[in-house]
Every structure is written in C-alpha cells, then in structure tokens.
Amino acid sequence: MFLTVKCVYELESNNNAEMIDFKLQKISKWKDDLIHLIYPSSCLICEKELSEFNNHFCPFCTNELNFTYFERYEEPTILDQLFWGRVNVYSTYAHLFFEKEKSTQPILHALKYKDKPEIGIEMGKEIGENLKKMSSFSSVDVLIPVPIHSKKQFTRGYNQSEKIADGIAEVLNIPVVPDFMGHAKQTESQTKKGRFLRWDNVENKFKAKKIASTSFKHIAIVDDVITTGATLEAIIRMIRENNPEIRISIISLAITK
Ligand SMILES: [Zn+2]
C-alpha cells in the first residue's frame, strides 16, 4: 500500500516537474520573442535585422565567408608552408581565406573600421571550437595578440587581434597577454611598403620593448589577416631571442589567398 502511494506520488511529482519545465521553457521562449521584438538583433557585419534562427551573422554575410577548413587537413597547409625556411613554427591555423573585393572582405572591414569588436570575439569563439579539434593546439598555454600602433588603437578603440584572442580564450580557457610585446611604434602605414621594408619596419617597432623571458611553454600568436607573414616572422624571431626553447604557434582570422 505504502509502495503504491509512493509510486503514484513519484509519478505525479515527475509529471509536475515536466509540466513546470515545459511552462518555464514556454515563458523563456516568450521572453526571447519579446526581447527580439523590442530589440531586434542585427547582423554584426551588414546590420540587417536577423531572424530568430540566425546567430550574429545573417545568411548573406555567412555565405560570403570563405572557410579554410584547415582543421581537417592532415598535410601541411599553405599557412604552414609560408614559414618554411624562415622561422620555426609549431602549428598554424587560419579560419578564413581573404581575397580583396571578394569573400571575407566585409567581415574584416567591419571588424577594423566599423567599431565592431564583437565580430572579433564571436569569430574567436568559432576559431576556438575548431582549435579544440586539432591536437597540435592542445598544449597552448597563452595567447599573444599582434599589437597595433597605439594611435590606431586609440582611434579604433580596440586592437582587433586582441578581440579575436579574447573569443578564443573563452573557449579554450587560457589567458590572453595583450601587452607581451608592448605597443608598436610605427611611423608609416605598413600597407604601402614592400615585404623587405616592412620587415625592417616591424623589427624596429618591436625593438623598443625587449621581449623578456617567459615561463609559458607554448604560446600562440593571434593575428587578424596574414599576407606575407613578415610581421609574424619578426615577432617570432624577437620572442625566440630570449626564449629559444619556447614552442610558438600561429592563429589568424584570415589568410590572403
Ligand atoms: Zn549580414
């Protein structure tokens, strides 16, 4: 008798719990719909209104993204090959291919010039999820964003590579050290210069603050776009000066095709 009562009671309370759960879900859905109605979320890139099924980016902008799928490669990628014979790099990853006036351009433009640090963070989270699938990144213990000119950081309000690193850090649960290399001191816009001039320029600008020894074993440098790899090459050489044994990997939001 007692057992029957207990069973009925448990059955009822289970049903109740399910019912409460169901009601809570419904309320939460109404709340989401209401918030969406009052503050419709918009695409981080083009600012068009998003449907409730889209997360941060609209289908049109997502379609513009040219993913590398490097996380699935078993052979060396073009990014690995870029550093062959230059500097020793442990592992590399780039999330998107970038072609001027073509794929991936809108997202990079919005990240750099439209005051949208959230794009860096969201993309960083996506990158973090892919890095989890790559065993070569499992030992990374710190993220170092490529510094930008302090004047640029002041007008932009943020360093885009740092935002990407913040997103990655959230997923991988490792620290970001933004001032590892100090601020860049750069006199002319790098984009106007050729590869070798650029290399010199980069060396000079980071020389100001000597990179000290660190207790980290495997650092990953985070960049927004890799073109010639000259900036990264210079940074890696400088880090190695005082840390010859350190493992260095590279993570970038995009690489030019
Ligand atoms: Zn869009």
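Mentor: In this predicted model, start with Tyr69, which has a relative accessible area of 37% and counts as partly exposed.

Now consider how rings pair. A pair of aromatic rings is described by the distance of the centres and the angle of the planes. The count here is three aromatic pairs. One of them joins Phe67 and Tyr69, with 6.1 Å from centre to centre and 50 degrees between the planes, and this pair is tilted. Another pair is made by Phe70 and Phe97, whose centres are 5.7 Å apart; their planes meet at 90 degrees, so this pair is edge-to-face. The cut-off for that label is over 60 degrees.

Phe70 belongs to the loop between α2 (59-64) and α3 (78-82), while Phe97 is in strand β1 (residues 92-98). The two are 27 residues apart, and their pair links distant parts of the chain. Phe70 has a relative accessibility of 2%, so Phe70 counts as buried. Phe97, at 10%, counts as buried as well. Tyr73 joins the picture here: ring pairs link Phe70, Tyr73 and Phe97 into a cluster.

Charged groups come next. The charged end of Lys257 sits over the ring of Phe97, 4.9 Å from the ring centre.

Finally, turn to an aromatic residue in another setting. Trp30 is found in helix α1 (residues 2-38). Its relative accessible area is 54%, so Trp30 is exposed. Together with Ile20, Leu24 and Ile27, Trp30 forms a nonpolar patch on the surface. The accessible area of these four residues together is about 450 Å².

To put the ends of the range side by side: Phe70 is buried at 2%, whereas Trp30 is exposed at 54%.

How values were computed:
Residues are numbered from 1 along each chain as its sequence is written. This is a predicted model: local features need pLDDT of at least 70, side-chain atom pairs count only at pLDDT 80 or more; totals for chains, interfaces and linings use all residues. Side-chain values use heavy atoms; hydrogens and water are left out. Patches are made of residues with over 30% relative accessible area and no salt bridge: like charges are joined within 9 Å, nonpolar side chains (Val, Leu, Ile, Met, Phe, Trp, Tyr) within 5 Å. Accessible areas come from the Shrake-Rupley method with a 1.4 Å probe; for residues, only the protein chains shown count as cover. A salt bridge is a side-chain nitrogen of Lys or Arg within 4 Å of a carboxyl oxygen of Asp or Glu. Helices (H or I, at least four residues) and strands (E, at least two) are DSSP runs, numbered from the N terminus. Buried means under 20% relative accessible area, exposed over 50%, partly exposed in between (1.4 Å probe, protein chains only). Rings of Phe, Tyr and Trp (its six-membered ring) pair if their centres lie within 6.5 Å; planes under 30 degrees apart count as stacked, over 60 as edge-to-face and the rest as tilted. A charge sits over a ring if NZ of Lys or CZ of Arg is within 6 Å of the ring centre and within 35 degrees of the ring normal.
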